[in-house]
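Me: I have a structure open and would like to go through it step by step. Could we begin with one residue and then widen the view?

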Amino acid sequence: MQLKRLRKEAQSGFSQCKSSEQLEALRVGLLGKKGKLSEILKQMGTLEPEERKKVGQEANALKQDIEAWIEESRVRLGQSTKNKILGQSLDITLPGKKPALGAIHPLTQTAYEILDILGDMGFESVRGPEIEHDFYNFEALNIPPEHPAREMQDTFYVAPEVVLRTQTSPVQIRAMMALQEVPLRVACFGKVYRHDQDATHSPMFHQIEVLCIDQDVSFADLKGTLTLLARKLFSEKARVRLRPSFFPFTEPSAEVDMSCFGCDGAGCRLCKNTGWIEILGCGMVHPSVLKVAGIDSEKNSGFAIGMGVERMAMLRYGVSDIRLFFENDIRFLGQF
Amino acid sequence: MHISIQTLRSLVDLPDLSPQELADKLTLGGLEVEAIQAFEDDTILELKITPNRPDALSHMGIARELAAICHTRTTFLAPSIKELGGSIHDLVQISVVSKEACPRYACRVVEGVQIAPSPDWLHKKLLSLGLKPINNIVDVTNWVLFERGQPLHAFDLDTLAKPKGRIALKIRSASAGEKLLTLDGKERSLLETDLVIADEDKAIALAGVMGGKITEVSNSTQNILLESAYFEPRGIRKTAKRLGLSTDASYRFERGTDPNGVIAALDRAASLIQEIAGGRIRRDAADVYPKVIEPLEISLRPHRLAQFSGLPEVEPAELRTRFLALGIETSGRAAHDALKFRVPTFRPDITDEIDLIEEAMRLIGFDQVPARIGFRKSLDGKSLDVSLDKLERHMKTFLSQAGFFEAINYSFGSPTELELFKATDLLTLQNPLGEEYSAMRQSLFPGLLNNLRHNLRQQVQKLSLFEAGVVFWGKNPAGQKPEMANLTAHNMAADAYAQEKLFLAGVSYPGDFFALKGILESLFDSLKVSVDFKPLSLQLSFLHPSQSANIWLQDAPLGFLGFLHPDFKEEASACVFALDLDLLKSHCFKPIQVKPLPKFPGIQRDLALVVDEKVLAGDILGVIRNFKTLKPILEDAKIFDVYQGKGIEPGKKSIAVSIYLRDLEKTLTEEQVNLPVESLKQELNTKLGAVLRV
């Protein structure tokens, strides 16, 4: 009788069981050392042998059933936990927790890209002083005192014959004097200074100087290097056009135009309808510059390129006021 | 410079080209046309002439260029002149005292002229070139200047001193302090380096720059003395620059005019004056030209041209024809592999073979040169030191990914702002844009703090900025005369004038000391450099004295980190740091040698120590790391908690440390660990008064 009641009780207990804690409590209540079934089994010794056999069989059957029910309930409960987790959803449109992210300055980014392209061509990155002797900034570059070319670059003076470099070209002289060997391929990214300030001129700006000296370097090599640079930096379709110009330290000298990347040369606002955009100046290193630096100009020749990094960055990013680069307004820097 | 297409067409046989086509040809020939404008029935080109091409500063110069570019020829007429009356030598005597400054001086006299406004054609020509017509005499001199490039000047002959009926012109240096009232009405005080034209009594013109007011041609002028000369460029430039006086004349003289074009221009002007203002030209020109400047003879090797340009070899005949259009004549036969040319004196820019190579390439066209890359790729021999660039780039990348924005500020700033950051021996500019830009920076902070203020004004509430840039630490004691310098691949700047140091500094607002310290620690980890943060011992008055640290790299000060001094008010809640990259570069990017992975398990022991609140966490770690008994098995020690409050006596604090122990050879046993840890506790007690927290 007792067993029958217990069976019923157990059966409804398991069917109503809702959590693994409840299930464990049920198991302990029935099969534990002091559990109800265990108690019944303990009392069996007091029964008649025939009665004992009958109750024993019944109790064992119940024990087996309870074990089956436990297993069944486990499976059922596991299923429902999984379903419960599956039922929980995230609003994946809520914002993520971002680690703070800054940015490298657009001028630096532009310069690094150019230096990387040049690096692949074997140009090593060097640097030189920003306060420079007149000798390196002017005289060795074929710009003697009282030369009209000095007027092209208004100069800041620190002391007599000591200037803030007006160009990165003095690094050419330093590299040649320091190495005294060919092949020589260097690039220099740095600050330069001119006594000038308005929307398109900053008293401080950045240039990249490129110098390549070896036996038999020709104007064709210069043109090839420029073409590759323009293609990698601006557009695969870019073409370059060289116009004769004048820099005292190169001869021939050229201004370089690139086919407009806005219209591919058809003419648009970006290129003022000319189809071309002026990007930099360059030329073959003047033999007298090689001589000053102690390099035999009969055996060797080379080219030099000087480009304004601000100009490149303004073109690439559509910046129209150069002063934005030096205000360091986070609303501007944050766009890069 | 303005060029009239109508005038050009009278000087050269031009093919039928539109103004735009002409402009393109000039631009691609190296004479950049910046604008094209209509003027009545004429078209005016605005050209930007490079300083090496004084010959192109006139219509005849441009005509010559076009002739060479378009394979055609110029139609210049030699000026003819009708002389009348006595010789100029009876009236004018010239003595050139400053022979070097004035290699040639010539003049003519025209008597009995009628001063009047210029005729329409001349009036219009001047207006079209942007010049203001004055009177027929001055207008002719101006016009001939724009036609031929030779500056001229007309004096009123009757204003010149004429003792004994003769004018004695002297071309001499000014005496110091000598005064001259120039045409623009300004009295100029002269120096001995200035060259003047003088009569017996006084200076009458600032040679090559501007005439004098007293001797100016006026409405009552009847007789004129017309000057045409060649002045040495450097002297003219010096005077013009000193006086801030750039005139059409000085602009040309300082770039170099043609010493052998002096008389043709003089005759052209004299006969034009006669034509439109009447008068008689006296017989002869006075011309002092003691040392004739001869055209240079220069060789050109066609194979050198080919090698240098990358063009296929050019036929000598083609070169000769091209050059002839420019006035460069063939001069006999030179050596077997070279051609020889005679370069006219109006081309002072051509002095060497390379200049002829340039002319040839320019005329053939840069567009004819192929584009290729044929230079050697391998770099033999010495390699350059690029470690600083590598370090700078690494740091910029790291910091930008840790939330910092890179700023770039001017390298010059206000001395007052710089002095807040302990500036000494500031290098200053002799000609700054203003006081606020007059000193070369010794610190990156004035710039960064300005940027911070700018952004705070834009309602930005949280901001981290850094800048990497050169700071200037006064003069370089090792600086030398550049000509004496011994530059090497590792020190290309041995002779630099200033001590230039590459620093990286940052500011983070609002400041969180440990967040910033953590970023720097990770940065140093990424560079595989170990540094020490120690309480501020180097005097840095702009930092909070007890919330800042010096960063040491071995025994050298690498930089600092901390809050700004409360004197900074608003910005004082910012944390800043600065690092010396020149010092750092030699300690990072060391080659990596991998250690074997540990084979045996380690043991961790945590100690909670109660110490006086003045004891620093770093002191505890120092004792642990230097404790000899533990050293062989000590792997690491880390602070994981600091506590003050309930359960801890006031004036004390509890610091919890994890100690990680491992034997590389075998599994550690409890017995092996217990004894040394016990004596460590003893050591901590002896050295720092630390007791275990209970």
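Me: Where does A:Gly294 lie in chain A?

Reply: This is a predicted model. In it, A:Gly294 is found in the loop that links α9 (287-292) to β10 (301-308) of chain A.

Me: Is A:Gly294 buried or exposed, and why?

Reply: A:Gly294 is exposed, because 9 other C-beta atoms lie within 10 Å, and a residue with 12 or fewer counts as exposed.

Me: Which residues is A:Gly294 in contact with, leaving aside its neighbours within four places in sequence?

Reply: With those neighbours set aside, A:Gly294 is in contact with A:Met177 and A:Gln180. A:Glu181 is 113 residues away from A:Gly294 along the chain, and the C-alpha atoms of the two are separated by 9.6 Å.

Me: What does the domain assignment give for chain A?

Reply: It gives domain 1 (2-87) and domain 2 (106-333). Taken over C-alpha atoms, the centres of these two domains of chain A are 89 Å apart.

Me: Now chain B, please. How many helices and strands does chain B have?

Reply: Chain B has 18 helices and 32 strands. Its radius of gyration is 40 Å, well over the 26 Å that the globule rule gives for 694 residues, so chain B is more spread out than a compact globule. Along the principal axes, the C-alpha atoms of chain B fill a box of roughly 130 × 60 × 50 Å.

Me: How many of the 694 residues in chain B are buried?

Reply: The buried share is 40%. As for contacts in chain B between residues at least 6 apart in sequence, 69% of them join residues at least 24 apart.

Me: Which strands does β8 of chain B pair with?

Reply: Strand β8 (residues 167-173) is joined by five bridges to strand β5 (residues 92-96) of chain B, and these two run parallel. Within that pairing, B:Leu169 in β8(B) is the bridge partner of B:Ile94. β8(B) is also joined by four bridges to strand β11 (residues 195-198) of chain B, and that pair runs antiparallel. There, B:Ile197 in β11(B) stands opposite B:Ile171.

Me: What do the buried residues of helix α6 of chain B pack against?

Reply: They pack against β11, β12 (203-206) and α7 (248-253) of chain B. The buried residues of α6 (residues 233-243) are B:Pro233, B:Gly235, B:Ile236, B:Arg237, B:Thr239 and B:Ala240.

Me: Why would some of those side chains point the same way?

Reply: An α-helix has 3.6 residues a turn, so residues three or four places apart point the same way.

Me: And what follows α6(B)?

Reply: B:Gly244 follows α6(B), and its phi is positive, near 60 degrees.

Me: Which residues have the most contacts inside the largest nonpolar core?

Reply: They are A:Ala175 and B:Ala505, in a core of 185 residues. Leaving aside its neighbours within four places in sequence, A:Ala175 is in contact with A:Val126, A:Leu184, A:Val186, A:Leu211 and B:Met492. A second, separate core has 62 residues, including B:Phe155 and B:Leu169.

Me: Last topic: how many residues of chain B are in contact with chain A?

Reply: There are 79 residues of chain B in contact with 76 residues of chain A. Helix α12 (residues 387-401) of chain B supplies the largest share of chain B's side, seven residues. By class, that side has 36 nonpolar, 24 polar and 19 charged residues.

How values were computed. Residues numbered from 1 in each chain as written. Chains lettered and ligands numbered in written order. Predicted model: local features only at pLDDT ≥ 70, side-chain atom pairs only at ≥ 80, totals over all residues. Contact = placed C-beta atoms within 7 Å. Nonpolar A, V, L, I, M, F, W, Y, C, P; charged D, E, K, R; others polar. Domains from an automatic or database assignment. Rg over C-alpha atoms; globule rule 2.2 N^0.38 Å. Buried ≥ 20, exposed ≤ 12 C-beta atoms within 10 Å, placed from the backbone. Pairing = 2+ DSSP bridges. Core = buried A, V, L, I, M, F, W, Y, C linked by C-beta atoms within 7 Å.
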